[in-house]
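Biologist: I would like to learn how to read packed helices, sheets and ring pairs in a model, taking each feature in turn.

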Amino acid sequence: MSEQATEFHYQALTPDLILDAIESIGIYPETGLLALNSYENRVYQFRCDDAKRYVVKFYRPNRWTDEQIQEEHDYSLELAENEVPVAAPLIINGQSLHHYKGFRMALFDSIGGRAFEVDNLDQLEAVGRFIGRIHQYATRQPFVHREVLNPQILGVEPLNYLRESGMVAPSMANAFFTVVEQVLDKTMTIWQRQSFSHMRLHGDLHPSNILWTPNGPGFVDLDDAKQGPAVQDIWMMLTGDRQQQTLQLDILLEGYQEFADFDTRQLSLIEPLRALRMINYNAWLAKRWKDPAFPMNFPWFGDLKYWEQQTLAFKEQLAALDEAPLSLF
């Protein structure tokens, strides 16, 4: 199915179809659907006739295979069984992945909570502790169907797509692609210097995917679970200048290493991973542009000013790749 056909297929996900899909697995909403902040998939919260709150997630067509989604579910369920506070899909009629009229969906208990405060060092240490617990179980077996995180799938392929998309402002295309190619070349050089062990990862563990509950952190959205180096689930917690990031890293790893060892050589991957995320993010917006939700929520994408800012950001990232990696106190 083409990208355009995929997005047209997504538009067929009407409120009536959503409700019919939920009822097809024996769950009967008694409230309307509250759309949650998700662009890649379609996610809705509702209250059921048993007075419980649930979240239903409809997966973007053609993004993952059934085997890849099931592997994500199995990993989430494994973590939940070991008392790691992660949003795991509910087993209904013996399965976690359900199909309805061409769509794939899963149901979750709704996790209440407030935003995780990355500058709260007590919360940060607790998050580090639970990331360590996640990684404690992550090494027990590898993913078989999920992707392996590397510069090819997060850098080379997205850059090629972006180049062919025509979304970069023509007057900035030469400057933009020149600096991005330099960033990618340097990223690959750093990546290839050492060999790192890989494990099952959350994959997209930024602060917005952590809710703070009365019992501590709750982790959501393993949609981007991958096989890769442990530092991928750590570096997105680091903000501010170098001194601030060093303090945050020290606090995170203090909690983390109560449950899992961390190879500090992986700190050299933080800036390469940041660079890959920057490349992949731009390609993701270009790839999803035919989905009506994207022009509505990212109206600045494609403007000349945006590509000027991106070119400057990649120049700064090129300089960051030349700096010494973060180190612990």
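This is a predicted model: local features need pLDDT of at least 70, side-chain atom pairs count only at pLDDT 80 or more; totals for chains, interfaces and linings use all residues.

Biologist: At what angle do the axes of helix α3 and helix α4 cross?

Modeller: Two packed helices are described by the angle between their axes and the distance between the axes. Here helix α3 (residues 66–81) and helix α4 (residues 121–138) have axes that come within 10 Å and cross at roughly 115°, and the crossing in which α3 passes α4 is right-handed.

Biologist: Which residues of α3 and α4 meet there?

Modeller: From α3 come Y75, E78 and L79, which meet I134, Y137 and A138 of α4. Sorted by class, this contact has 5 nonpolar residues, 1 charged residue and no polar ones.

Biologist: Turning to sheets, in what order do the strands of the open sheet of 5 strands run?

Modeller: Strands of a sheet pair through backbone hydrogen bonds, either parallel or antiparallel. In this sheet the order is β1-β2-β3-β5-β4, with antiparallel pairing. The edges are held by β1 (34–35) and β4 (98–100), each of which has a single partner strand, so one side of each is left without a neighbour in the sheet. Further in, strand β3 (residues 53–58) pairs with strand β5 (residues 103–109) over 5 bridges in the antiparallel sense, and V55 stands opposite F108 in β5.

Biologist: Which strands form the open sheet of 3 strands, and how are they paired?

Modeller: That sheet has the order β6-β8-β9, and its pairing is antiparallel; its edge strands are β6 (114–115) and β9 (216–219), each pairing on one side only. Strand β8 (residues 210–213) pairs with β9 over 4 bridges, with I210 standing opposite F219 in β9.

Biologist: What does the side chain of R274 join in a polar contact?

Modeller: R274, which is placed in helix α8 (residues 270–287), has its side chain joined to that of E271 by a polar contact of 3.0 Å. Leaving aside its neighbours within four places in sequence, R274 is in contact with W235, Q245 and Q317.

Biologist: Why is the pair of W284 and F294 called edge-to-face?

Modeller: A pair of aromatic rings is described by the distance of the centres and the angle of the planes. The structure holds 20 aromatic pairs, including that of W284 and F294, whose ring centres are 5.0 Å apart and whose planes stand at 75°, so the pair is edge-to-face. Because W284 lies in helix α8 and F294 in helix α9 (residues 293–297), the pair ties together parts that are 10 residues apart in sequence.

Key. Residues are numbered from 1 along each chain as its sequence is written. Side-chain values use heavy atoms; hydrogens and water are left out. Axes are lines fitted to C-alpha atoms, for helices over the stretch in contact, and angles run from 0 to 180 degrees between N-to-C directions. Helices (H or I, at least four residues) and strands (E, at least two) are DSSP runs, numbered from the N terminus. A crossing is left-handed if the near helix is turned anticlockwise from the far one by less than a right angle, and right-handed if clockwise. Contact means heavy atoms within 4.5 Å. Ala, Val, Leu, Ile, Met, Phe, Trp, Tyr, Cys and Pro count as nonpolar, Asp, Glu, Lys and Arg as charged, and the others, Gly among them, as polar. Two strands pair if DSSP finds at least two bridges between them. A polar contact is a pair of N or O atoms within 3.5 Å; within protein, one must be able to donate a hydrogen and the other to accept it, and residues adjacent in sequence count only if both atoms are side-chain atoms. Rings of Phe, Tyr and Trp (its six-membered ring) pair if their centres lie within 6.5 Å; planes under 30 degrees apart count as stacked, over 60 as edge-to-face and the rest as tilted.
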